[in-house]
Amino acid sequence: MSVTYNINVPATSANIGPGFDVMGLSLSLYLTVRATVQTGQEPSTSSTNITISYEGANSSGLSLDPTKNLITRTALYVLSCHGLSDFPRPTHVTVNNRIPLGRGLGSSGAAVVAGVLLADAVGDLKLTKQRMLDYCLMIEHHPDNVAAALVGGFVASYLIDVDRSGNIPESEGDESEQRKRELEAQRLNSEIKLPPTNIGHFLQLGCSPKIKAVTIIPQFELATSKARAALPASYQLKDVVFNLQRLAVLTTALGRETPDPWLIYRAMEDK
C-alpha cells in the first residue's frame, strides 16, 4: 500500500520595483515534488526513510543526499521540530524542477516551501499557512520570495528579527567547502531551533489579469548572498522617500482593472 502527495510550488520574482524585500509575484513556472509513501511498511532500518530522484532539466549537480538536498533538509528540519527524527514511513521523492537555479526566479525559496509542504503532508502536521511561513523564514530569511511561493499571486510581506542560531538548515551559502563543513558540524551539534510564532506576515494584493509577466533569464548563476553584498550599507533620505512614494502607488496601480502603463512604469522606478 502506498499514498502519493503532489506538491507544486511556483517560481517568483521578488523586489518588485521599489519593493525591496517587501513584494513578490508568483509565476507560472513550477517546482514539482511527488512523494510516494509506503503506508503498509514499518520504518526501514537504514540510515533514513527517504530517497530522492530528479526528472527534467535543471537537475544536474543537485544532491540526492537527503541531509544535503535543500527540499528534504527542510522537510527533515520541520519533522524534527515535531518530534520526528526521520520520515515516518519509507518515502521516495521525485523532483521535477523547471525553475532555473540562481537566476533570480526564487529557486531556493521554492525548494524551502516545497520542503515545508512535504513535511506537513508526510507527517500529517496540519500546519496553517502562517505557521508554514514561520518555518520558511527560519531558513530563507527574506519574506518576499517565500510568501509569494507559498500563497501565490502578488504579495506584500514583512518579518521580525529572530534568533536563528541552532540546528536550522541554510538555504544558500558561498563559503569554502571547509567552512561549509565546519558550519554543518556546528549546526548538527546544536539543538533543534523551533520557529517563534508569527515571524512574518503577508497580504495578498490585487494584480490585474491583463498584466502578463515576461522573464529575461541570464546565462549565468548569481547567488543571492553575492548580489546582496553589492548593495551599499546606507542610503540618502531623499532616495528612501523616493522609493516609499512609488511603492505606495505601485500596490494600487498593478491591481486596477484597466492598468495605466505610464503610472506603472513610473511607480516601478527604484533608487
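Modeller: His141, which has a positive phi near 75°, follows helix H3. Helices (H or I, at least four residues) and strands (E, at least two) are DSSP runs numbered from the N terminus. This is a predicted model, in which local features need pLDDT of at least 70 and side-chain atom pairs count only at pLDDT 80 or more, while totals for chains, interfaces and linings use all residues. Residues are numbered from 1 along each chain as its sequence is written, and side-chain values use heavy atoms, with hydrogens and water left out.

The twelve residues of H3 should span 16 Å at 1.5 Å a residue, and its end C-alpha atoms are 16 Å apart, which agrees; the expected span is 1.5 Å times one less than the number of residues. Eleven of the twelve residues are buried, so H3 is largely enclosed by the rest of the structure. Buried means under 20% relative accessible area, exposed over 50%, and partly exposed in between (1.4 Å probe, protein chains only). Among the buried residues of H3 are Arg131, Asp134, Tyr135 and Glu140. The buried residues pack against H1, H2, H4, strand E5 (154-159) and strand E6 (200-205), where contact means heavy atoms within 4.5 Å.

A search of the whole structure finds one aromatic pair, and H3 takes part in it through Tyr135. Rings of Phe, Tyr and Trp (its six-membered ring) pair if their centres lie within 6.5 Å; planes under 30 degrees apart count as stacked, over 60 as edge-to-face and the rest as tilted. The ring centres of Tyr77 and Tyr135 are 6.1 Å apart and the planes are at 70°, so the pair is edge-to-face. Because Tyr77 lies in helix H1 and Tyr135 in helix H3, the pair ties together parts that are 58 residues apart in sequence. Tyr77 is buried, at 3% relative accessible area, and Tyr135 is also buried, at 1%.

A nonpolar core is a set of buried Ala, Val, Leu, Ile, Met, Phe, Trp, Tyr and Cys residues joined through side-chain atoms within 4.5 Å. This core has 52 residues, and those with the most contacts inside it are Ile71 and Leu118. H2, one of the elements that H3 packs against, gives the most to the core, with nine residues. Of the 16 residues of H2, 14 are buried, so H2 is largely enclosed too.
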